[in-house]
Every structure is written in structure tokens, then in C-alpha cells.
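Have the structure open alongside the text.

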Amino acid sequence: MSKPLRIDFVSDISCPWCAVGLASLQQAMARLPNVKIDLHFQPFELNPNMPAEGQNSMAHIAAKYNIGFDEVTRNRERIRERGAELGFAFNTDQETRVFNTFEAHRLLYWAGTIDAGKQLALKQELLKAYFSENEDVSDHETLIRIASDSGLDATTAGDILDSDRYADEVRASEAYFRDRGIQSVPAIIIDNQHLISGGQPPEVFERALRELSD
């Protein structure tokens, strides 16, 4: 039996193209049931200095990219359409806020130490909470509920969030991928050497996985 392809999916919960990229990758994987995948989610913070109260997303994006609100709205509509094509709902509006994601990354790291399937479930639930339900994914109570909904132990999740457990590991992982040249996400690294950047269509992932599995 061939060795599974390792995929390191470097991404942030607050990155819409990461949600698109993950949905595309999953569709590609579903089309290739005989290709074994070892999927790992790796942390990347788009806004590591985001304060606890967050920031209005329209204002944040406009300032960050030096664009007007009209262009932000057009870009959102394009992302919303891509998401809909893949079965992912973006329900962002003018009141949506950007939140700090470090605590969510700590839980994702923990989930990865337990079970790859549960880490995937947690990642999906976090993206859904952030983009479809406009929830504050820095809030501990919200994160505990999301962890529980993903099949993880709520008590342990709470204990982790009340401590600094996995903080050093998350920062070390972020530094590792930055040092390897990752400056934007999603960055999908296959077998530690093949990079696919951005929220590509399923066909791009399918072609790469098919070629690399031969």
C-alpha cells in the first residue's frame, strides 16, 4: 500500500480564502477515494495583535489593503459566490467583526494531538462559527461549545483555555512556517515540498493529489 500524502494546511480561522481552499481540498479528496491523505492544520495569524474587542471587518479590510468600502463589498460578494459553489456559507455584513484567533489555534493544536478527524471537525466548526454565524472565536465560552460540538471534551477545552497550554507550540509552529517563506494563507504543503497557494478550485487540488500519489 502506498504511503499517505502528508498535507500541512497552513491557515487562519479569520481567512475567507482558507475556508474556500479547505472546501475545495475536501472535494478533491472525495473524488480520489483511493488516495490516502494525512491532513494536519497548522497555525497562521493574519492579525496577531488584534485586541480582545475585535474590530469592524469592513473598516479593518479597507485600512489594511488601502481600498474603499465599495471594493470590500465587491470582494466579499466574489468570496460569497465561491463559497456557495462549494457548499460553504459566508454571511458577513457591515457589522461583522474581526477577532483574535490565537486561542482557537491553541485548541486546534490540542485537537491535532488527539485525532486528525477531530482536528478537521474543529477547524470546520470554527470556520462556520466565524464566517457563517459571525461568532466571536476569541471568547472562551464560545470556543468550549464549538470544541464540544466537534466531539472534543468540553472540560479539557476549558482547562486549556484557562491556562497557557500549547501557546509555545503554536508560536513555534507559526515561526517554523514563516521561516519557510509562508507569508500568506492558505498555504497547502504536500509532503513537505509541494506548495499550493490560495483558495484554488477543486480541480487544481485533484490534479496535484493525483500526480503526487502516482
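## Rings, buried side chains and a pocket

Phe-88, Phe-90, Tyr-130 and Phe-131 come together as one aromatic cluster. Keep in mind that this is a predicted model, with local features needing pLDDT of at least 70, side-chain atom pairs counting only at pLDDT 80 or more, and totals for chains, interfaces and linings using all residues. Residues are numbered from 1 along each chain as its sequence is written, and side-chain values use heavy atoms, with hydrogens and water left out.

Phe-88, one member of that cluster, sits in the loop between helix 3 and strand 4. (Helices are DSSP runs of H or I with at least four residues, strands are E runs of at least two, and both are numbered from the N terminus.) Its relative accessible area is 16%, so Phe-88 is buried; the cut-offs are under 20% for buried, over 50% for exposed and in between for partly exposed, with a 1.4 Å probe and protein chains only. Phe-88 also lies 7.6 Å from Val-20, C-alpha to C-alpha, though 68 residues separate the two in sequence.

How many aromatic pairs does the structure hold? There are six, where rings of Phe, Tyr and Trp (its six-membered ring) pair if their centres lie within 6.5 Å, and planes under 30 degrees apart count as stacked, over 60 as edge-to-face and the rest as tilted. Take Tyr-109 and Tyr-166: their ring centres are 5.5 Å apart and their planes meet at 40°, so this pair is tilted. It links distant parts of the chain, with Tyr-109 in helix 4 (residues 102-114) and Tyr-166 in the loop between helix 7 (154-161) and helix 8 (167-179), 57 residues apart. Another pair, Tyr-176 with Phe-177, is edge-to-face, at 4.9 Å centre to centre and 85° between the planes.

Here is how accessible the residues of these two pairs are, by relative accessible area.

| Residue | Relative accessible area | Class |
|---|---|---|
| Tyr-109 | 30% | partly exposed |
| Tyr-166 | 17% | buried |
| Tyr-176 | 44% | partly exposed |
| Phe-177 | 4% | buried |

Glu-103, found in helix 4, is buried at 18% relative accessible area, and a polar contact of 2.7 Å joins its side chain to that of His-140. (A polar contact is a pair of N or O atoms within 3.5 Å; within protein, one must be able to donate a hydrogen and the other to accept it, and residues adjacent in sequence count only if both atoms are side-chain atoms.) Over in helix 8, Glu-174 counts as buried at 7%.

As for cysteines, Cys-15 is buried at 4% and Cys-18 is buried at 1%. The structure holds zero disulfides, a disulfide being a pair of cysteine sulfur atoms within 2.5 Å.

Helix 3 gives the largest share of the lining, six residues.
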